[in-house]
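Subject: Structure handover

Hello,

Here is the structure I said I would pass on. Please look through it before reading my notes.

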Amino acid sequence: MKSSEDGTFAKGELQHFGPIELNPASGVLNYGQGLFEGLKAYRKEDGSILLFRPKENALRMRMGAERMCMPAPTIEQFMDAVKLTVLANKRWVPPIGKGSLYIRPLLMGSGAVLGVAPAPEYTFLIFVSPVGNYFKEGLAPINLIVENDFHRATPGGTGGVKTIGNYASVLKAQKLAKEKGYSDVLYLDSVHKKYLEEVSSCNIFVVKDKIISTPATKGTILPGITRKSIIDVARGLGYQVEERLVSVEELLDANEAFCTGTAVVVSPVGSVTYLGNRVEYGNRGVGAVSQQLYSALTRLQMGLSDDKMGWTVKLN
Ligand code: PMP
């Protein structure tokens, strides 16, 4: 769907997946004026389809749009477009336990602009793709390297919104880490260079003596929807959860650590390497808390447990 001059979006339509036309002078191609979202649709045991907290994605896109000087679809338009796209592709939603349908909404400055400025026109689109389970055989721990030379975000920057440029800045750090055999990079804050921020595409949690801590989202960290959900699930299970500054030393001294995100769901951290020292966590990283939270969240997402919070949206 495209924006009109007053910044509202006209009703969109379904199209077959394929290349789109884009003005070479568009705001997104030249100045990175683009935002995206990521959410999943799961198949229930009875064959029906569930979305997990889609309104949160709509709200996050609207918050990001404000930072990026873009108009955004209303919550209702966003939800309707997600539902329409998923229902049109329902045959691609894998059976329960075999994965999910990943949904990628994109909002971009598609109008032409020569000097640095917001574009005069915007396009909102959604594409989908089936994805397998992140872990094929149960939980597999990830190995992180703590990065001190590269930063993902700075105070006052765009780290707190899901803009495309944030991902451009992590490509090199991630490539170097993978070449050295690590799964991903954990970034530190760019001011003190000692507080945890997040991984390239997920949030981080640290567990010490049954207390769960995660960096507070103060503009440099993406407020993950899985993060927010896990905080509530953990509190519901009786854990104390703290959102605050968490230092890299606390991570090295933790009993266990895990990452959260739409793609990774809950991923235990097997090891962390910082300044050349590698710390390995017990049970190859698959700690009891990570396991319990993974199971509680995935059961909810697949409609296998009672959705007391009203987080899932049934589609058919
Ligand atoms: N941080 C970053 C940088 C991300 O790209 C993502 C994935 N969207 C997350 C955290 C986790 O967010 P969510 O739980 O909403 O997927």
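Predicted model: local features only at pLDDT ≥ 70, side-chain atom pairs only at ≥ 80, totals over all residues.

Residues are numbered from 1 along each chain as its sequence is written.

Confidence. The protein averages a pLDDT of 94, and 99% of the residues score at least 70; pLDDT is the predictor's confidence in each residue, from 0 to 100. The scores for the model are ipTM 0.99 and pTM 0.96.

Domains. The assignment gives domain 1 (27-131) and domain 2 (142-301), with bounds that come from an automatic or database domain assignment. Their centres, taken over C-alpha atoms, are separated by 24 Å. Between them, 18 residues of domain 1 are in contact with 12 residues of domain 2 (contact: C-beta atoms, placed from the backbone, within 7 Å). On the domain 1 side, β1 (34-36), β2 (39-43) and α2 (54-67) each give two or more residues, and α2 gives the most, with 6. Helices (H or I, at least four residues) and strands (E, at least two) are DSSP runs, numbered from the N terminus. By class, that side has 7 nonpolar, 5 polar and 6 charged residues. Here Ala, Val, Leu, Ile, Met, Phe, Trp, Tyr, Cys and Pro count as nonpolar, Asp, Glu, Lys and Arg as charged, and the others, Gly among them, as polar.

Core. The largest nonpolar core has 74 residues, of which A41, L107, L144 and A257 touch the most other members. Both domain 1 and domain 2 give residues to this core, so it lies between them. A nonpolar core is a set of buried Ala, Val, Leu, Ile, Met, Phe, Trp, Tyr and Cys residues joined through C-beta atoms within 7 Å. Beyond four places in sequence, the contacts of L144 include Y182, L186, V199 and V269.

Ligand. The ligand is surrounded by 13 residues, the closest being G224, I225, T226, G261 and T262 (near: C-beta atom, placed from the backbone, within 6 Å). β9 (202-208), α6 (225-236) and β12 (256-261) give two or more residues to this shell; α6 gives the most, with 3. The shell has 3 nonpolar, 8 polar and 2 charged residues.

Loop. G157 sits in the loop between β6 (142-147) and α4 (164-168). G157 is partly exposed, with 18 other C-beta atoms within 10 Å (buried: 20 or more; exposed: 12 or fewer; partly exposed: in between; C-beta atoms placed from the backbone). The C-alpha atoms of G157 and T220 are separated by 7.1 Å, though these residues are 63 apart along the chain.

Regards

Technical notes:
Contact = placed C-beta atoms within 7 Å.
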